[in-house]
Amino acid sequence: MAFDLAILEPNEVSINLKLFKLFRFFHLFDPKSQKIFNFNVYYLAWFIINCVIGCILVYGLLGYFTETEDVFDITFHLQLVFCYLLYYLALLKIITFLYKAHNFCDLLHVTRMDFLTSTHCQTHIGILYKYRNKSIKITNLISSFGILTTLEWILFPLMLQLLQKEDLNQLNRRFENIFNLRFPVTSHFYNNNYVIFYIMESSIAIFLLYVTVVIDLFFISVCYVMIAQYEMIKRAYETVNRKPNSENNDENENDYNVNDCLDDLVSIIKDQQKHFEKLRLFYSTYKFIIVSNVIINSGSIIILTYVSVVIFTSSESIPILSVIKLISAFGYMFIVLYFLCHLMESINNKMESVHFGMYNCNWTAMNLRSQKLLLLSIQLYNANELMIKITPKKIINLQLFNSVIITCYNIVSAMLNSRFK
């Protein structure tokens with residue numbers, strides 16, 4: 001099933017198509033995109049951007065290998081660690097998308113409203129519309145929150161300079177920047193050319209915003225599609241030998257053609273297997289990104305929490321803007337980590353609910369061929385269970401989220417105790 005990304009309409013898919021088109025996200029996948037020397041122009045653009053941002057970050061690390069007269073507080077060092085963690089995660093995401101662009105293009109097929117073609121699945125299409133509306137609201141809110149957080153980080157140094165009362169040149173200190181990279185230059189040179197260094201760090205912030213937010217939103221959107229379609233398949237099994245009611249999706253208890261439901265079963269099983277193949281593709285493509293997200297977001301939460309506590313307990317007067325930017329970044333990391341674990345758990349639960357839906361259908365009234373086919377489908381389902389795990393025993397779910405938060409709290413407590421001894 002192929003479709004033209006350029007003419008795709010929002011009512012044809014179950015994701016926030018307007019938002020992704022606004023971010024020009026699908027151009028990486030569109031085979032009709034403009035080419036230069038037989039290369040997708042957007043591939044080349046991302047390759048060049050990655051090289052430029054990478055060079056800036058490497059240059060920003062050289063200050064640790066050269067002597068500089070200014071002294072950086074521990075909070076600046078931790079914010080640098082946070083910046084580089086985000087960059088490594090963003091780099092991993094964009095490399096995965098560029099390398100597996102055909103997989104993500106294939107995943108777009110599962111977002112079509114008519115992906116499940118069986119009559120019983122399409123009867124419950126209202127479920128997909130409900131999850132679609134929910135997905136659009138959540139992706140709009142997360143994108144707005146991400147943009148607002150990035151604007152806070154970008155505007156913070158400018159606001160701080162307006163409020164700054166002391167001459168940092170006389171104190172031999174650098175003007176505060178977005179991430180405060182350790183460029184190998186003197187404080188005087190840095191302050192005199194502050195605009196250049198500010199633009200360099202702003203480009204990093206915008207790059208991190210785009211890659212992190214857009215790819216996180218695509219992940220959330222596809223997860224909601226998978227959850228909704230599993231719910232549709234479950235309902236389809238439950239109504240396979242009953243007359244479906246398209247108006248309210250309720251079941252009519254009056255059986256009809258009970259002994260002639262073989263074709264319905266075959267069509268539902270085909271939809272289920274087709275859906276499972278897309279889920280397998282989704283997991284195989286996103287698995288490393290998901291695991292890295294859990295690890296890096298957990299580390300970021302620890303860093304931001306520790307820096308915030310150090311700032312609150314500091315005897316120096318710290319602008320409230322500094323606290324706000326840290327809290328907003330913490331909030332974004334916390335929300336993304338929660339949704340990642342929550343949606344993974346929801347997919348696992350919906351897969352189990354399909355199993356329950358198979359048992360819940362009126363299978364005792366089916367003919368022998370239909371019963372055998374249903375039994376074969378159950379056995380095939382049991383053999384095809386699929387979950388993403390951090391370790392052989394730790395599944396990505398809300399229990400893992402709780403463990404991460406508790407671990408973060410314990411680590412931060414230990415760090416603070418060692419600091420104030």
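Predicted model: local features only at pLDDT ≥ 70, side-chain atom pairs only at ≥ 80, totals over all residues.
Residues are numbered from 1 along each chain as its sequence is written, and side-chain values use heavy atoms, with hydrogens and water left out. The protein chain has 12 helices and 4 strands, where helices (H or I, at least four residues) and strands (E, at least two) are DSSP runs numbered from the N terminus.

**Overall fold and surface**

- Of the 421 residues of the protein chain, 53% count as buried, a class that means under 20% relative accessible area, with exposed over 50% and partly exposed in between (1.4 Å probe, protein chains only).
- When contacts (heavy atoms within 4.5 Å) are taken between residues at least 6 apart in sequence, 79% of them join residues at least 24 apart.
- The protein chain has an accessible surface of about 20,400 Å², and carbon and sulfur atoms account for 62% of this area, as computed by the Shrake-Rupley method with a 1.4 Å probe, for which, in the case of residues, only the protein chains shown count as cover.

**Cavities**

- The largest cavity holds about 250 Å³ of space, where grid points are joined across faces, edges and corners and a volume is the space filled by probe spheres set on the points.
- The lining of the largest cavity consists of 15 residues, with Leu86, Thr149, Thr150, Leu208 and Leu209 lying nearest its centre; lining residues have an atom within 4 Å of a point.
- At least two lining residues of the largest cavity come from each of helix H3 (74-99), helix H6 (125-163), helix H8 (194-238) and helix H10 (320-360), and H8 gives the largest share, 5 residues.
- In composition, the lining of the largest cavity has 11 nonpolar, 4 polar and no charged residues, with Ala, Val, Leu, Ile, Met, Phe, Trp, Tyr, Cys and Pro counted as nonpolar, Asp, Glu, Lys and Arg as charged, and the others, Gly among them, as polar.

**Aromatic pairs**

- The structure holds 27 aromatic pairs, for which rings of Phe, Tyr and Trp (its six-membered ring) must have centres within 6.5 Å, planes under 30 degrees apart being stacked, those over 60 edge-to-face and the rest tilted.
- Phe334 is partly exposed at 31% relative accessibility, whereas Phe401 is buried at 6%.
- A cluster linked by ring pairs is made up of Tyr59, Phe175, Phe183, Phe189, Tyr190, Tyr194, Phe197 and Tyr198.

**Individual residues**

- Tyr230, found in helix H8, is buried at 2% relative accessibility, and its C-alpha atom is separated by 9.9 Å from that of Asn348, 118 residues apart along the chain.
- Leaving aside neighbours within four places in sequence, Tyr230 is in contact with His275, Phe276, Leu279, Ile347, Lys350, Met351 and Val354.
- Ile136 lies in helix H6 and is buried, with a relative accessible area of 19%; residues up to four places away in sequence not being counted, Ile136 touches Ile15 and Asn16.
- The C-alpha atoms of Ile136 and Leu217 are separated by 9.7 Å, with the two residues 81 apart along the chain.
- Ser144, also found in helix H6, is partly exposed at 45% relative accessibility, and from C-alpha to C-alpha Ser144 and Val213 are 9.6 Å apart in space while 69 residues apart in sequence.
- Asn180 lies in the loop between H6 and helix H7 (187-192), is buried with a relative accessible area of 5%, and has a phi near 55°, a positive value in a residue other than glycine.

How values were computed:
1 Å grid on protein atoms, 1.4 Å probe; cavity = no way out; pocket = protein on both sides within 12 Å on 5 of 7 lines; lining within 4 Å.
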